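Here is a friendly briefing to keep beside you while you look over the structure.

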Amino acid sequence: MFTQVYGDNGKMKEYHYTGPVEHRFSPYSFNGGTVLAVAGEDFAIVASDTRLSEGYSIHSRDSPKCYKLTNTTVIGCSGFHGDCLTLTKIIDARLKMYKHSNNKSMTSGAIAATLSTILYGRRFFPYYVYNIIGGLDEEGKGAVYSFDPVGSYQRGTYKAGGSASAMLQPLLDNQIGFKNMEGVQHLPLNQEKAVQLVKDVFISAAERDVYTGDALRICIVTKEGIKEETVPLRKD
Amino acid sequence: RKMATLSVCQPQLGGFSFENCKRNAVLEAEVTKLGCNIPSARKTGTTICGVVFKDGIVLGADTRATEGMIVADKNCSKIHYISPNIYCCGAGTAADTEMTTQIISSNLELHSLSTSRLPRVATANRMLKQMLFRYQGHIGAALVLGGVDCNGPHLYSIYPHGSTDKLPYVTMGSGSLAAMAVFEDRYKQDMEEEDAKRLVRDAIAAGIFNDLGSGSNIDLCVITKGRVDYLRPHDMANKKGVRTGNYKYKQGTTGVLTKSVIKLDLEVVEETVQTMDTS
């Protein structure tokens with residue numbers, strides 16, 4: 001049944017429908033989570049929260065979204081967890097195939113280009129995943145590659161993705177990109193300050209985004225290897 | 001001549017009162033033409049609950065208000081005053097719970113003056129359900145009403161369409177399942193006050209940690225004959241993480257393009273201070 005209202009031109013206008021509605025099966029679901037990557041002069045940081053949720057419930061408080069690909073590259077994937085798992089499996093397989101046919105590991109730039117092709121291959125039934133790759137390029141400098149669900153990508157210095165990305169990105173634009181500030185010294189970002197900034201920014205994201213919380217996993221990529229750090233966040 | 005109870009503002013013409021719907025439809029059309037959206041109603045997510053114990057009632061609520069899946073208010077108050085001996089927790093649309101409880105509180109005060117008696121919980125329940133039914137569920141207010149009157153302690157749960165249940169323990173809101181799980185496990189008849197407070201605190205905590213729509217602190221309200229303890233906050237279950245960096249800007253960081261000074265001759269009549277969270 002529904003209630004009708006007389007619109008402007010005097011004709012009956014339906015404004016509220018409360019009868020039975022047909023719902024189609026949706027192959028996607030949103031599992032929350034936020035990822036962040038920052039590149040420095042000789043390091044790269046990829047961080048993600050560890051909460052896996054669906055609707056108003058929490059599936060897991062310990063499900064990190066950073067995956068190690070090579071000794072110099074880490075990928076952060078958030079969105080639909082089913083597609084995140086499948087996509088990382090596919091990327092691992094492609095890494096192995098490349099290593100066996102070219103006798104060397106894939107570089108960060110090569111992984112990014114390959115991922116773009118993999119994602120566009122599913123242009124008409126996309127992987128519902130927001131990817132950010134963080135690692136060191138061939139010269140040892142930090143690199144961040146950010147993607148959209150169908151494979152458009154771009155190299156940058158910093159990017160936030162996932163549920164709280166709209167809250168984090170403006171803050172990073174200001175603190176790392178020095179945007180909208182006058183008369184401030186453009187100091188290059190060192191590793192300690194970058195890690196401190198990432199922790200603070202996730203503490204703030206956990207305050208206002210219900211999908212972000214529980215714990216923060218930080219992967220720091222340097223020429224020595226990949227170091228992992230875990231920091232607790234709000235659990236509510 | 002009929003002796004009718006005094007009520008504020010409401011011309012009881014009977015049936016539904018949808019007079020604002022045409023206006024809302026026109027406003028929505030105008031706003032959409034400009035390319036904007038009408039603001040969405042803020043819902044409270046929420047876990048609220050109540051329990052009857054030996055000497056009275058304990059009501060509990062979390063303090064998070066959400067707008068979509070973003071936290072709009074980290075410390076809002078969901079336990080509303082109805083009368084000195086009756087309080088009401090509200091879940092659903094924040095404006096609806098606030099305004100509905102205020103209207104009934106006002107009408108109940110007038111009724112209490114007219115009858116020269118302390119108001120009864122059943123009266124508040126009847127007034128709330130009759131108003132909500134009149135609006136056919138369009139007022140999204142799900143309430144837990146509790147109080148102590150001349151007939152003892154009473155606890156009701158009231159649904160947006162106007163149905164009510166009179167029970168010894170109730171939960172409402174998106175976290176109601178988590179809270180009810182705790183109640184079903186540990187509720188006993190005729191508990192002591194401390195046990196009842198601990199049970200309600202644990203039920204709300206279950207909602208806060210397991211439901212994404214609920215969070216922050218736990219507020220409690222203990223009502224007994226002749227005494228009300230409004231404990232806000234009773235338990236700060238979640239403190240904000242401490243940030244190590246300093247994000248204060250020096251004067252002049254925001255570029256000034258033009259400046260014009262207009263002097264206003266004002267005289268300070270009253271000065272009040274309201275604290276806000278600037279951490």
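## Around B:T46

Leaving aside neighbours within four places in sequence, B:T46 is in contact with B:D62, B:R64, B:K78, B:G90, B:A91, B:M172, B:G173, B:S174, B:G175, B:D211, B:G213 and B:S214. Please keep in mind that this is a predicted model. The notes below start with that residue, then turn to chain B as a whole, and end with the spaces in the structure.

**The annotated residue**

- UniProt, in an unreviewed entry, lists B:T46 under "active site".
- Is B:T46 buried or exposed? B:T46 counts as buried because its relative accessibility is 0%, and the cut-off for buried is under 20%.
- One of the residues in contact with B:T46 is B:K78, and the side chains of B:T46 and B:K78 make a polar contact at 2.9 Å.

**Chain B as a whole**

- Chain B contains 5 helices and 12 strands.
- Taken along the principal axes, the C-alpha atoms of chain B fill a box of roughly 70 × 55 × 40 Å.
- Of the 279 residues in chain B, 42% are buried.
- Among contacts in chain B between residues at least 6 apart in sequence, 61% join residues at least 24 apart.

**The cavity**

- How many cavities of 30 Å³ or more does a search of the whole structure find? The search finds 1.
- The volume of the largest cavity is about 40 Å³.
- The lining of the largest cavity is made up of A:N31, A:G32, A:L52, A:K65, A:Y67, A:C77, A:S78, A:G79, A:F80, A:H81 and A:C84.
- In chain A, β8 (73–79) and α1 (81–102) each supply at least two residues of this cavity's lining, and β8(A) gives the largest share, with 3 residues.
- Sorted by class, the lining of the largest cavity has 5 nonpolar, 5 polar and 1 charged residues.

**The second largest pocket**

- The second largest pocket has a volume of about 450 Å³.
- This pocket is lined by 20 residues, and the closest to its centre are A:Q175, A:F178, A:V184, A:K193 and B:N246.
- Which helix gives the most to the lining of the second largest pocket? Helix α4 (residues 191–208) of chain A does, with 3 residues.
- By class, the lining of the second largest pocket divides into 9 nonpolar, 8 polar and 3 charged residues.

Methods: Residues numbered from 1 in each chain as written. Chains lettered and ligands numbered in written order. Predicted model: local features only at pLDDT ≥ 70, side-chain atom pairs only at ≥ 80, totals over all residues. Heavy atoms only, no water. UniProt positions renumbered as here; feature names shortened; annotations may be inferred. Buried < 20%, exposed > 50% of the residue type's maximum accessible area, 1.4 Å probe, protein only. Contact = heavy atoms within 4.5 Å. Polar contact = N/O pair within 3.5 Å; in protein donor to acceptor, adjacent residues only side chain to side chain. 1 Å grid on protein atoms, 1.4 Å probe; cavity = no way out; pocket = protein on both sides within 12 Å on 5 of 7 lines; lining within 4 Å. Points joined across faces, edges and corners; volume = space filled by probe spheres on them. Helix = DSSP H or I, 4+ residues; strand = E, 2+ residues; numbered from the N terminus. Nonpolar A, V, L, I, M, F, W, Y, C, P; charged D, E, K, R; others polar.
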